Amino acid sequence: MLDIVDRITGGAALLGICGVPPLIAIMVFEVFSRYVLNSPTIWVFEMSWMLMGFIFIMGVPYAMKRREHVSVDLIYGALSLRKRALVDAIGFALLLPCIAWLAYKMALFALSGFVSGEVSGVSAWNPVLWPFRTALAVGLTVFALQLLAELIRSLRTALVGAGPVSSK
């Protein structure tokens, strides 16, 4: 099960990476359009924050899997492997219900936006919001799955003392 979650997380990260070239392209296009052609676009601003949100939310589970997130190692680094795993397990156990709840609420939010046809209201482009919200719900769900996998790994290490704390 843990390997399946890791593969899902890797796939989500790959999807997020695929959003980087389009983000760069539209930003370059906007700069060219605005400063060379003196004709700014009405859609790049919203598309850029949607793409950046997509890239971020798809990358967060992978950062968790690789343990590349920010941490304060002042005390943690001095702990034994089993104690670090216990600290991790407590953190994951506290964070998991919050992220699962956010994923659920975002899925409902996306569904509501789809049913109502809600648009952003930020610019003249005014795109529908449900695709972006759906991507956020998927990313949060993958994050919750990865948290569960890391919780299981940490508990196994804390109780048995074998295996890495990280899934790098």
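This is a predicted model: local features need pLDDT of at least 70, side-chain atom pairs count only at pLDDT 80 or more; totals for chains, interfaces and linings use all residues.

Trainee: How far apart are S123 and E46, in sequence and in space?

Mentor: They are 77 residues apart in sequence. C-alpha to C-alpha, the distance is 7.7 Å.

Trainee: Now A12. Where is A12 found?

Mentor: A12 is in helix α1.

Trainee: Buried or exposed, and why?

Mentor: A12 counts as buried, because its relative accessibility is 7% and the cut-off for buried is under 20%.

Trainee: What does A12 touch, not counting residues up to four places away in sequence?

Mentor: M58 and V142. There is also a C-alpha separation of 9.6 Å between A12 and F143, which sit 131 residues apart along the chain.

Trainee: Switching to rings. How many aromatic pairs does a search of the whole structure find?

Mentor: Three. One of them is F29 with W43, ring centres 6.1 Å apart.

Trainee: Is that pair stacked or edge-to-face, and why?

Mentor: Stacked, because the planes of F29 and W43 are at 25°. Stacked needs planes under 30 degrees apart.

Trainee: Which parts does the F29 and W43 pair tie together?

Mentor: F29 lies in helix α2, residues 20-35. W43 is in the loop between α2 and α3, and α3 covers 44-66. The pair therefore ties together parts 14 residues apart in sequence.

Trainee: What are the relative accessible areas of F29 and W43?

Mentor: F29 has 39% and is partly exposed. W43 has 29% and is partly exposed.

Trainee: And what about F114 and W130, stacked or edge-to-face?

Mentor: Edge-to-face, because the F114 and W130 planes are at 85°. Their ring centres are 5.1 Å apart.

Trainee: Where do F114 and W130 sit?

Mentor: F114 is in helix α5, residues 81-116, and W130 is in helix α6, residues 130-160. The pair links distant parts of the chain, 16 residues apart. W130 counts as partly exposed, at 32% relative accessibility.

Trainee: On to helix packing. At what angle do α2 and α3 pack?

Mentor: About 160°, with their axes 10 Å apart. That makes α2 roughly antiparallel to α3. The crossing of α2 past α3 is left-handed.

Trainee: Which residues meet there?

Mentor: From α2: V20, P22, L23, I26, M27 and E30. From α3: V44, M47, S48, L51, M52 and I55.

Trainee: What about α1 and α2, parallel or antiparallel?

Mentor: Roughly parallel. Their axes cross at roughly 15° and come within 4 Å, with helix α1 running over residues 2-18. G16, I17 and C18 in α1 meet V20, P21 and P22 in α2.

Trainee: And how do the axes of α5 and α6 cross?

Mentor: At roughly 160°, and they come within 7 Å. The two helices are therefore roughly antiparallel to each other. α5 passes α6 in a left-handed crossing.

Trainee: Last topic, backbone. What is phi of R67 near?

Mentor: Near 55°, a positive value in a residue other than glycine. R67 lies in the loop between α3 and α4, and α4 is 73-76. R67 counts as buried, at 16% relative accessibility.

Trainee: What is phi of N126 near, and where is N126 found?

Mentor: Phi of N126 is near 55°, again positive in a residue other than glycine. N126 is in the loop between α5 and α6. N126 is partly exposed, with a relative accessible area of 29%.

Note on methods: Residues are numbered from 1 along each chain as its sequence is written. Side-chain values use heavy atoms; hydrogens and water are left out. Rings of Phe, Tyr and Trp (its six-membered ring) pair if their centres lie within 6.5 Å; planes under 30 degrees apart count as stacked, over 60 as edge-to-face and the rest as tilted. Buried means under 20% relative accessible area, exposed over 50%, partly exposed in between (1.4 Å probe, protein chains only). Axes are lines fitted to C-alpha atoms, for helices over the stretch in contact, and angles run from 0 to 180 degrees between N-to-C directions. Angles under 35 degrees count as roughly parallel, over 145 as roughly antiparallel, 65 to 115 as roughly perpendicular and the rest as oblique. A crossing is left-handed if the near helix is turned anticlockwise from the far one by less than a right angle, and right-handed if clockwise. Contact means heavy atoms within 4.5 Å.
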